[in-house]
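Good morning, colleagues. I would ask you to bring up the sequence and the model, and to keep both in view while I speak.

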Amino acid sequence: MDLVVIGAGIVGLAHALAAARAGLAVTVIDREARANGASTRNFGFVTVTGQQAGDTWRRALRSCAIWAEVCPAAGIPILHRGLLMAARRTEALAAIEAFARGPMGEGCRVLAPRALPHPLRQELAGALLSPHELRVEPREALPRLASWLETQHRVRFRWRTHVRGVERGRVDTTRGPIAADRVVVCPGNDFLSLFPDAIAAYAPVRCKLSMLRLADPGWRLPAAVMSDLGVVRYLGYGDAPSLPTLRARLQAEQPAHLAQGIHLIVVQSADGSLVIGDSHLYGDTPDPFLSGETEALILEEARAVLHLPTPRVIERWVGEYPSAAAPAFISAPSQETRVVMVTSGTGMSTAFALAEETLASFGLAPAVPA
Ligand SMILES: Cc1cc2nc3c(=O)[nH]c(=O)nc-3n(C[C@H](O)[C@H](O)[C@H](O)COP(=O)(O)OP(=O)(O)OC[C@H]3O[C@@H](n4cnc5c(N)ncnc54)[C@H](O)[C@@H]3O)c2cc1C
């Protein structure tokens with residue numbers, strides 16, 4: 001085998017695509033029967049605007065373009081496009097106005113309250129409308145992407161197979177060894193099974209998020225929706241002069257939201273249901289419990305921004321992703337091995353571009369499709 005990818009989350013599948021496009025014979029191995037980690041539990045929100053300036057923003061732009069090309073080919077519906085960053089406070093409005101004027105604001109515009117589309121509330125101070133984003137349903141998108149890689153790119157999948165070790169030219173699995181010229185390890189939040197020292201060098205911890213699905217509210221979202229809590233959390237709005245005042249106001253007015261790392265993302269599914277979140281709790285072993293208080297705080301923020309009838313929760317789940325000071329890393333424990341981890345909760349938005357960088361680190365380049 002030319003290249004073995006360990007992990008069939010979005011980071012692993014992105015590497016399988018890049019390697020197949022570089023003409024390599026690829027096998028993907030995962031210990032689960034199907035992707036079930038962060039890549040299945042997220043919003044499916046491929047976000048550009050608000051990503052940290054530099055590598056993360058550049059990777060997000062590139063990855064979003066790859067999603068836009070892969071989705072129709074793989075039969076993955078794009079459920080909506082764009083982002084409405086709703087400003088509840090004048091300081092948030094000043095921050096999005098500053099963003100729109102800056103280099104990452106190209107294509108974005110600020111809407112006045114009277115121009116806000118339903119279901120956004122008219123009491124808002126305004127909203128930034130970004131055209132760059134797209135949204136897929138992760139629980140459908142991941143299996144379709146894997147199946148398309150299998151049928152159209154001849155990628156082989158070995159599910160229910162744990163990888164115990166990687167040595168020069170050989171991957172040791174619970175179903176026997178596999179010979180491999182190159183290996184890319186994409187283990188998500190497993191920091192210990194493979195190359196623990198290479199991973200420990202980046203000091204990742206786990207971040208737990210709480211997520212909800214609400215029954216169809218009877219309207220359709222024109223785009224994904226976020227709010228002031230996201231303006232202070234997303235590093236791309238980082239140097240707006242009004243941000244310190246906005247942070248101070250949020251600390252005074254929504255301290256419980258800040259303490260639980262809550263910020264609002266609302267996206268919609270094909271059946272009209274809404275996926276809403278989320279909170280952020282960090283640690284080596286975050287507890288698995290969903291807090292009623294956290295849920296109430298998330299819904300309170302959603303109702304401050306949207307005309308949301310009494311919400312009916314139809315699903316709840318937790319997700320976990322690795323978090324570290326660097327937004328992502330590609331580590332090279334040996335000449336033929338790479339360990340790749342997204343450590344900023346942005347894997348759906350950045351994995352395709354990161355995979356191209358990994359291939360380049362082997363001296364390979366994916367062919368651009370005609
Ligand atoms: C609730 C939530 C919401 C999020 N929302 C967004 C969003 O909207 N947009 C965005 O860009 N990002 C979002 N993220 C972040 C994003 O989901 C992650 O960055 C991304 O999914 C990480 O992908 P991954 O492939 O590294 O990990 P995973 O999806 O966790 O996959 C890792 C895989 O590796 C396998 N594995 C590990 N070790 C072994 C081994 N030794 N042998 C065999 N298999 C192994 C595991 O079984 C697993 O399937 C969110 C994350 C969460 C949790």
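Predicted model: local features only at pLDDT ≥ 70, side-chain atom pairs only at ≥ 80, totals over all residues.

**Alanine 127 and its surroundings**

I begin with alanine 127, which touches Leu84, Met85, Ala86, Ala87, Ile96, Arg109, Val110, Leu111, Leu116 and Leu120, residues up to four places away in sequence being left out of the count; contact here means heavy atoms within 4.5 Å. Residues are numbered from 1 along each chain as its sequence is written, and side-chain values use heavy atoms, with hydrogens and water left out.

Alanine 127 belongs to strand 6. Helices (H or I, at least four residues) and strands (E, at least two) are DSSP runs, numbered from the N terminus. The relative accessible area of alanine 127 is 0%, so the residue is buried. By that term I mean under 20% relative accessible area, with exposed being over 50% and partly exposed in between, for a 1.4 Å probe and protein chains only. The C-alpha atom of alanine 127 is separated by 13 Å from that of glycine 50, and the two residues are 77 residues apart along the chain.

**The nonpolar cores**

In soluble globular proteins, nonpolar side chains tend to be buried together. A nonpolar core, as used here, is a set of buried Ala, Val, Leu, Ile, Met, Phe, Trp, Tyr and Cys residues joined through side-chain atoms within 4.5 Å. Which residues have the most contacts inside the largest nonpolar core? They are Val26, Trp67, Leu145, Leu149 and Tyr237, in a core of 80 residues. Helix 1, residues 10-21, gives the most to this core, with nine residues. A second, separate core has 25 residues, among them Ala86, Leu111, Leu124 and Val225.

Returning to leucine 149, its contacts are Leu13, Ala16, Leu17, Arg154, Val155 and Phe157, again not counting residues up to four places away in sequence.

**Cysteines**

How many disulfides does a search of the whole structure find? The result is zero, where a disulfide is a pair of cysteine sulfur atoms within 2.5 Å. For cysteine 64, the closest cysteine sulfur is that of cysteine 71, and because it is 9.0 Å away, it is too far for a bond. Cysteine 186 also has its closest cysteine sulfur in cysteine 71, at 19 Å, again too far for a bond. Cysteine 64 is buried at 7% relative accessible area, and cysteine 186 is buried at 8%.

**The ligand site**

The ligand is surrounded by 34 residues, and the closest are Asp30, Ser39, Phe45, Gly347 and Ser349; a residue is near a molecule if one of its heavy atoms lies within 4 Å of it. A polar side-chain atom of asparagine 42 lies 2.9 Å from a ligand oxygen atom. From the backbone, a polar atom of valine 11 is 3.1 Å from an oxygen atom of the ligand, and a backbone N or O atom of methionine 348 lies 3.1 Å from a ligand oxygen. The ligand taken alone exposes 1000 Å², of which the protein buries 96%; these areas come from the Shrake-Rupley method with a 1.4 Å probe. Helix 1, helix 2 (38-41), strand 12 (205-214), strand 17 (313-334) and helix 11 (347-361) are the elements that give two or more residues to the shell around the ligand.

**Backbone geometry**

Most residues other than glycine have a negative phi, and most peptide bonds are trans. Where does this model depart from that pattern? The peptide bond from histidine 118 to proline 119 is cis, with omega near 10°, and proline 119 lies in the loop between strand 5 (109-111) and strand 6 (126-135). Another cis peptide bond joins glycine 277 and aspartate 278, with omega about -5°.

Arginine 160 has a positive phi near 55°, and its place is in the loop between strand 7 (156-158) and strand 8 (163-167). Arginine 160 is exposed, at 53% relative accessible area. Alanine 203 has a positive phi of about 50°, lies in the loop between helix 6 (196-200) and strand 12, and counts as exposed at 56%.

Key
Polar contact = N/O pair within 3.5 Å; in protein donor to acceptor, adjacent residues only side chain to side chain.
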